[in-house]
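Here is a request for a short report on how the chains of an assembly meet.

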Amino acid sequence: MKQAESTGTLAGQKAFSYFPGCSLHSTAREYDVSARLSCEALGIELKELEGWACCGASSAHSTNELLAVSLPARDLKRAGEVGLPLVAACAMCFSRLKIASHELQNNDMRKLVQTVIGQEIQKTARVVHLLEVVDSRLDAIPVKKPLTELKVACYYGCLLVRPREKVAIDDAENPQLMDRLVRKLGAEPVAWAFKTECCGAGLPLARPDIVLKLCHRILAQARQAGADCIAVACPECHSNLDTHQEEIRARYGDDARVPVVYFTQLLGLALGLSVQQLHLDKHLTDPVPVLSSKGLA
Amino acid sequence: MQTVETITPLPQSRLSGYVQKHSGQNPLRCYQCGKCNAGCPVAYAMDLGPRQVMRAVQLGLKDHVLSSNTIWVCLQCQVCSARCPMEIDIARVMESLRLLAILEGYPVPEKDIELFHRIFLEVVRRHGRLHELELGAMYNVRSGHLTANAGLLPQLLSRGKLSVLPTTIRDARAVREIFARAEAESRKAPAAES
Amino acid sequence: MARIGVFICHCGSNIAGSVDIARVLEAARKMPQVVYVEDNKYTCSDPGQASIRNAVKAHRLNRVVVAACSPRMHEKTFRKTVEQAGLNPFLLEIANIREQDSWVHSDDKERATEKAIEIVRLAVAKVARNYELYARQISLTKRALVIGGGISGIQAALDIANAGHEVVLVEREPTIGGRMAQLDKTFPTLDCSACILTPKMVELAQHNRVVLFTYAEVQSIKGFVGNFEVEVRQKARKVNHTTCTGCGTCWQKCPEKVPSEFDLGMGQRTAIYIPFPQAVPTKPVIDTEHCRYMKYQRFVASGEEDKKPPQCRVCEKLCPTGSIDWEEQDRVFTEKFGAIIVATGYQTFDASAYGEYGAGMYPDVISGLQLERLMCASGPTGGEVKRPSDGAHPKTVVFVSCVGSRDEAKCRPYCSKVCCMYMAKHAIMLREHDPEVQCYIFYIDIRAGGKAYEEFTRRAQEEYGAIYLRGRISKIYQEGKKLVVLGEDSLIGRPVELSADLVVLATGMEPSSGVVELAQKLNISYDTNQFLVEAHPKLRPVETQSDGIFLAGACVGPRDIPDSVAQGSAAAVKAAALFSQDYITTDPMTAMVDISRCTGCLLCTQVCPFKAISTQALRDGRVVASVNEGLCKGCGLCAAVCRSKAIDLRGFTNQQLFAEVTSLWQ
Amino acid sequence: MQDKIRAKARELLETGTVDCVIGYERATDGLTARPVFIYGTAGVDRLVFDQTCVHNLSKFLLDRRDKRTAIVAKPCDSRAINLLINEGQLARDKVYIIGVVCQGMPEVSWNRVSKEPQERCQRCPQRVPVVYDYLVGEPVEALPVTFSDVEQMENAGPAERRGFWLEQFGRCIRCHACRQACPGCYCSECFVDQLDPTWVGIRKDVTDNEMWNTIRAFHLAGRCISCNECERVCPVSIPLSLLNRKLEKDVGEFFDFQAGIKAETVPPFATFKKDEHLKGVE
Amino acid sequence: MAVGFEPRVVGFLCNWCSYAGADMAGTSRMSYPPNIRIIRVPCSGRVDPLFVVKAFQMGADGVLIAGCHPGDCHYTEGNYHMRRRFALLQPFLDYVGIEKERFRLEWVSASEGKRFTQVVTSFTEQLRQLGPRKDRELMAAKGVQRAV
């Protein structure tokens with residue numbers, strides 16, 4: 001089985017198949033919107049993958065390995081037929097797709113999966129994350145409104161940088177992709193130690209206590225580092241960090257509130273798009289005050 | 001996990017064989033330095049730390065491992081794997097142990113987590129995609145935590161962050177079949193009796 | 001015409017018991033070119049050997065076969081015997097009819113006898129084609145080169161010099177002393193490192209049989225045992241060391257300050273500098289990269305016009321002896337040596353490979369060696385332990401063990417051996433410096449094998465209150481002025497979170513940079529960790545596969561000071577033993593080239609494990625192989641791969657082996 | 001094609017780039033070709049190139065080691081040149097290679113020219129010389145190497161194989177034409193001619209013949225560039241290619257090596273890998 | 001298999017490991033079939049294919065080459081080169097009809113007297129099973145004349 005466009009530079013790639021993933025159609029709509037808008041502004045064409053299905057997320061691979069590969073495999077096959085590289089915005093989807101395409105290299109696994117999805121897989125698409133695509137044309141970004149004086153804590157989470165050989169788009173301990181971007185946009189990426197510490201992933205319902213504890217650590221660290229906001233590239237990280245800040249304050253007493261935004265929103269902002277266009281007003285922890293204080297909103 | 005007064009090591013047990021085979025990781029490489037425990041964000045909430053799980057696997061203490069909450073609490077954040085000095089993919093080991101526990105019907109100490117996963121998949125099975133409102137609602141009802149995250153509901157709705165109706169993809173049937181076949185196939189998977 | 005005598009040994013009943021000697025005698029008598037046979041009860045006994053000598057004379061024998069025990073047993077003995085009889089010792093062959101016949105076939109006398117006869121036939125066939133071989137005697141230069149001026153190299157150099165031989169020591173740094181010079185105290189005795197090292201450094205520098213080349217490197221090596229030719233590059237110091245008195249004015253007045261390598265960035269040095277006060281030689285070098293005048297000159301050379309930097313030249317102006325020599329260039333010279341001792345030592349692992357520990361990111365995460373500098377009375381802080389970030393006195397210090405050791409992910413699978421001990425030492429010393437300091441040592445296993453070592457680590461815990469926690473640190477991050485350390489106490493089995501003022505990474509040992517290139521120049525081997533490989537890990541620990549090249553200290557593997565010193569002395573003895581001979585006797589069983597047949601394909605040069613075959617150009621323009629008998633060890637690889645049979649191996653020639661094969665069917 | 005070669009040859013001789021061009025000319029039978037050495041522009045028009053130019057001329061270069069020489073080389077010949085350079089027998093800068101694209105040569109004798117290319121050419125992977133200074137003809141795809149003939153022999157039973165080869169070796173008359181034609185056989189004194197020891201009996205016995213043929217083949221292991229001249233010149237037509245190609249096959253499989261493809265390369269017997277797993281060796 | 005057939009085996013043993021191993025077998029009074037004739041070579045790498053082919057030409061039923069285990073070569077690399085040579089030579093001889101079972105390369109260290117006896121015993125047994133070489137019959141069948 002060959003992997004289409006497995007080579008070739010991203011920078012040269014104009015059009016991509018786009019895999020928004022479930023959250024971007026609901027809780028993370030602002031990510032979807034800002035991604036589409038800023039990509040358009042950058043001349044990147046996103047063609048939403050026709051009939052994509054859920055990647056299975058952590059639930060699938062927590063309980064049924066085969067399912068965890070088969071669900072993404074179906075999407076990979078479809079994308080393979082389209083022939084464009086498949087760009088995922090959600091880090092979870094990205095990770096699942098990437099791992100799946102990795103597993104499919106193994107013949108036995110592929111045969112098994114083919115029987116499960118009831119189709120033969122000739123070729124799959126190369127999987128990339130939106131952050132990689134943007135980074136590939138960093139110098140070409142036409143910054144209209146530099147985000148001067150905005151201190152940003154870039155938060156990568158787990159799924160973009162681990163596991164090293166199957167997924168990682170950057171170093172696991174001190175990644176730089178997003179920091180580079182933020183700097184390019186005129187903002188100041190703060191140095192902090194929790195870029196890749198886990199936020200509690202899919203446990204907010206089942207073990208809120210864990211999620212609150214982990215998020216509290218991260219938020220506190222970001223604040224300490226003097227960040228005005230945290231930039232993320234994953235809807236799960238976002239909802240964990242953004243939605244529970246009141247509870248966290250209630251539970252831990254200290255005020256560790258920091259607005260959490262998507263890197264695409266910052267990108268859009270710098271490209272001259274408005275707060276409303278980018279749904280920057282939709283977050284539970286409102287970033288608008290701090291943005292306007294910097295004259296950015 | 002049941003308490004164990006004295007343990008009887010079974011180094012030759014099928015358990016470490018299974019782990020080796022299923023996860024491709026050799027448990028005997030672990031020399032118990034503890035870096036995994038040290039870095040695990042949820043170690044504090046586990047009855048056995050990753051290091052202890054590796055140890056128990058080395059010693060073939062199957063029940064000890066498979067009935068621990070560790071394998072359920074594990075977030076798959078991969079920090080342990082990324083930092084292991086012996087390059088053991090510990091997260092992968094956790095995963096294979098959890099799958100084994102499911103296969104062999106071990107009681108699940110983290111009911112809610114298991115329930116969450118089950119409902120999540122049911123929803124996806126139904127629509128081919130996730131419908132978060134549905135997931136949340138069903139979870140709250142079936143877990144009995146009726147108010148869990150309910151506080152957030154108005155804010156989310158007001159911001160249009162929760163779509164009330166699910167989007168169901170055109171050939172959701174295909175997805176349902178995938179679920180069915182995947183479950184059938186993985187039941188055939190080899191277990192590790194010891 | 002060969003006149004072969006065959007002497008068959010009964011070895012009491014060892015052979016005669018299961019071999020029919022009479023029949024063997026009969027058969028032997030009929031073998032081609034055999035003119036005399038006899039048997040003895042014990043051929044190796046004096047009467048036995050005597051009768052060989054007599055027979056050689058009486059029957060004008062010019063070849064001898066002794067059918068007895070294994071050649072590995074008595075070949076040497078009988079070589080002497082025939083030599084005493086006036087024959088060349090190599091006109092002898094042994095037929096091994098004991099270990100490889102009578103002893104293994106005692107159950108079947110008939111076939112044991114048949115086999116014995118054929119073994120004798122093999123030997124007869126071979127010996128008929130033996131000819132005189134003469135051990136070549138190669139003169140040797142009784143002069144040793146020591147590469148590396150650490151404690152191990154210093155010890156080796158001193159011992160050789162005291163044994164009465166000249167020694168040249170080459171050190172690439174501006175001073176000798178190596179890592180030990182950077183240490184404050186030494187475990188387990190806690191005596192001051194400088195106090196025991198510097199006297200040795202001085203003794204070496206003043207020794208009349210020692211020549212010291214600091215700030216110099218070995219550039220190339222030719223030759224073989226007893227006759228090495230070594231090119232040494234003396235790096236330009238820009239200071240004339242013959243006139244310089246080391247008064248110190250220059251380095252006190254030099255305005256340019258840069259981080260000191262010797263202090264591992266914990267302190268500063270000037271552009272013209274000596275690495276540390278007790279450096280040997282106590283004469284400065286100019287760091288041309290940072291020297292202001294050098295920068296000025298580079299600027300002028302670059303041809304740019306706008307604002308020239310200052311010329312400075314303060315040192316030149318102030319030097320009372322006019323020793324500053326801006327024109328000085330690197331100088332390459334060749335020296336002859338008989339033996340080479342490699343003592344290139346180690347460097348500490350670069351902890352920045354561990355992103356999760358933030359070494360290089362957080363100023364207060366330092367290495368063990370850096371702490372040594374902070375504790376050292378003659379160090380940048382005058383022995384006051386101040387943490388780099390704000391100069392505060394750390395009260396809570398956390399030690400992280402196995403940084404760059406026992407870590408396959410970092411390609412450092414081995415244990416560095418000394419870290420456990422120096423962490424204990426640091427814990428003790430920090431308390432000595434400040435009783436309020438609390439040390440936490442995260443260890444995996446305490447490796448304290450050595451005289452008074454275990455007791456030492458106990459003292460650190462019992463008397464100096466160091467808390468040992470079993471578990472590897474996973475993450476370190478800054479929180480305000482503190483460093484938060486995430487670990488585990490694996491004995492309790494729970495995560496540990498500590499906030500510390502200072503974190504010390506016990507970085508492991510790795511071979512010094514450039515050791516691989518050196519090993520390739522020397523044609524000695526190194527292992528996957530780039531440590532140099534001994535000829536035998538147990539029995540030849542300081543020798544290499546190349547004669548005359550010896551190893552000492554941490555270039556072979558992690559070593560502490562006592563081991564390094566012991567090895568230095570051991571290597572010195574090997575060199576001295578070599579020098580106790582007036583010439584080197586080479587094994588005559590070496591390869592030889594028939595230039596008329598050699599086609600110059602030079603496959604032999606490619607397979608030779610000892611680089612013993614080089615090329616020579618003949619008058620007719622052909623290029624052919626030529627063997628350096630000093631390097632050849634007689635493996636015969638070359639002879640086996642040579643298609644035109646132009647190269648052959650003395651003692652195991654094509655003729656001999658071919659004859660042995662064919663003899664079996666005569 | 002021919003004209004291009006002549007033009008190039010003329011140019012090279014005129015400019016004095018070389019002082020001799022080794023190529024082919026029409027033989028006296030008026031049909032087949034034979035080697036020719038051209039020293040002056042006058043002779044250039046004698047050069048021919050067509051389907052009859054079967055010989056591997058590379059070995060002639062050995063007689064002009066340090067004189068500047070141009071040579072007409074087919075793909076197989078070009079591999080021979082690489083081999084000779086690799087083994088220090090030739091200096092690249094002394095040789096000017098006029099490479100010719102080759103679709104395979106037919107069987108040619110005084111009275112017939114075969115339709116199909118010769119067997120050796122059918123199995124030859126190269127169609128374009130692996131090294132040249134000037135190329136004549138349009139480059140074409142190289143073909144995969146096939147060893148059907150060798151495999152067939154491998155699959156026969158040992159007794160069958162033994163019988164076959166004994167018969168073949170039995171026919172050998174030890175004329176050593178194979179050696180004379182082989183570009184890899186350049187030893188000043190071949191082992192077969194040596195008397196110290198007499199590796200191979202003087203008598204023309206089947207066992208001595210076997211000794212000769214097997215060892216010669218083995219001396220070409222990892223070196224044979226499969227031009228197959230040995231087989232072409234064998235008067236009793238022993239299928240020598242079957243021997244050489246067996247070794248070529250194994251060398252390829254075990255050591256991933258093909259002789260004469262590159263000039264700068266380490267031949268398989270000059271090196272080793274500590275941890276290589278070779279079948280038959282535990 | 002021929003009744004009472006006793007194969008003739010030529011063994012090339014490297015001086016440092018295998019020859020010493022053979023001695024060890026003797027000093028510890030082990031026993032193995034006396035069919036092998038041992039030729040001492042400095043290193044297994046010294047064994048020229050010529051010697052092997054010659055032995056078979058002379059009529060050997062089997063040829064054994066024994067050297068130090070990989071990594072233990074007294075000359076550091078000799079056995080690695082032999083390994084390559086053997087890897088080609090064995091199948092090649094098999095190809096011309098000298099069965100690969102007749103030609104062995106073994107690693108025997110100086111301390112492995114036991115292993116040496118096992119090697120020789122199993123090899124000899126294998127050759128007994130294989131029976132004598134069939135060249136004469138085959139030549140007769142093919143009408144190949146032998147020089148006198």
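The report below takes chain contacts in turn, then a cavity.

## Model and chain pairs

This is a predicted model. It has 6 pairs of chains in contact, and chains A and B share the most contacts among them.

Some pairs stay apart. Chain A and chain D do not touch, and their nearest C-alpha atoms are 22 Å apart. Chain B and chain E make no contact either, with closest C-alpha atoms 25 Å apart.

## Chain B against chain A

On the chain B side, 54 residues are in contact, and they meet 62 residues of chain A. About 5100 Å² is buried between the two chains. Carbon and sulfur atoms give 59% of that area. Three residues stand out on the chain B side: R129(B), K161(B) and I178(B) supply 13% of the area that chain B buries against chain A, more than any other three residues.

Charge pairing is part of this contact. There are 8 salt bridges between chain B and chain A. One salt bridge joins R83(B) to E173(A), with the closest N and O atoms 2.8 Å apart.

Which elements of chain B give two or more residues to the side that touches chain A? They are α6 (79-83), α7 (90-103), α8 (111-127), α9 (132-143), α10 (152-158) and α11 (172-188) of chain B. Of these, α11(B) gives the most, with 8 residues. By class, this side of chain B divides into 27 nonpolar, 12 polar and 15 charged residues.

## Chain C against chain B

Here the contact takes 21 residues from chain C and 20 residues from chain B. The two chains bury about 1600 Å² between them. Carbon and sulfur atoms carry 42% of that area. On the chain C side, E408(C), R472(C) and S474(C) lose the most area to chain B. Together these three account for 31% of what that side buries.

How many salt bridges lie between chain C and chain B? The count is 3. E356(C) forms a salt bridge with K35(B), and the closest N and O atoms are 2.7 Å apart. Polar contacts link 15 residue pairs between chain C and chain B, both residues at pLDDT 80 or more.

Strands feature on the chain C side. β25 (482-489) and β26 (494-500) of chain C each supply at least two residues of the side that touches chain B. β25(C) gives the most, with 3 residues. This side of chain C has 7 nonpolar, 5 polar and 9 charged residues.

## The largest cavity

The largest cavity holds about 340 Å³ of space. Its lining has 29 residues. Which of them lie nearest the centre of the cavity? They are L603(C), R643(C), H219(D), R223(D) and F269(D).

By class, the lining has 15 nonpolar, 7 polar and 7 charged residues.

## In brief

Chains A and B share the most contacts of the 6 pairs, and about 5100 Å² is buried between them. Chain C and chain B bury about 1600 Å².

Key. Residues are numbered from 1 along each chain as its sequence is written. Chains are lettered from A and ligands numbered from 1 in the order in which they are written. This is a predicted model: local features need pLDDT of at least 70, side-chain atom pairs count only at pLDDT 80 or more; totals for chains, interfaces and linings use all residues. Side-chain values use heavy atoms; hydrogens and water are left out. Contact means heavy atoms within 4.5 Å. Buried area is the accessible area (1.4 Å probe) that two parts lose on being put together, summed over both. A salt bridge is a side-chain nitrogen of Lys or Arg within 4 Å of a carboxyl oxygen of Asp or Glu. Helices (H or I, at least four residues) and strands (E, at least two) are DSSP runs, numbered from the N terminus. Ala, Val, Leu, Ile, Met, Phe, Trp, Tyr, Cys and Pro count as nonpolar, Asp, Glu, Lys and Arg as charged, and the others, Gly among them, as polar. On a 1 Å grid over the protein atoms alone, a cavity is a set of points where a 1.4 Å probe fits but cannot get out, and a pocket is an open set with protein on both sides within 12 Å along at least five of seven lines; lining residues have an atom within 4 Å of a point. Grid points are joined across faces, edges and corners, and a volume is the space filled by probe spheres set on the points. A polar contact is a pair of N or O atoms within 3.5 Å; within protein, one must be able to donate a hydrogen and the other to accept it, and residues adjacent in sequence count only if both atoms are side-chain atoms.
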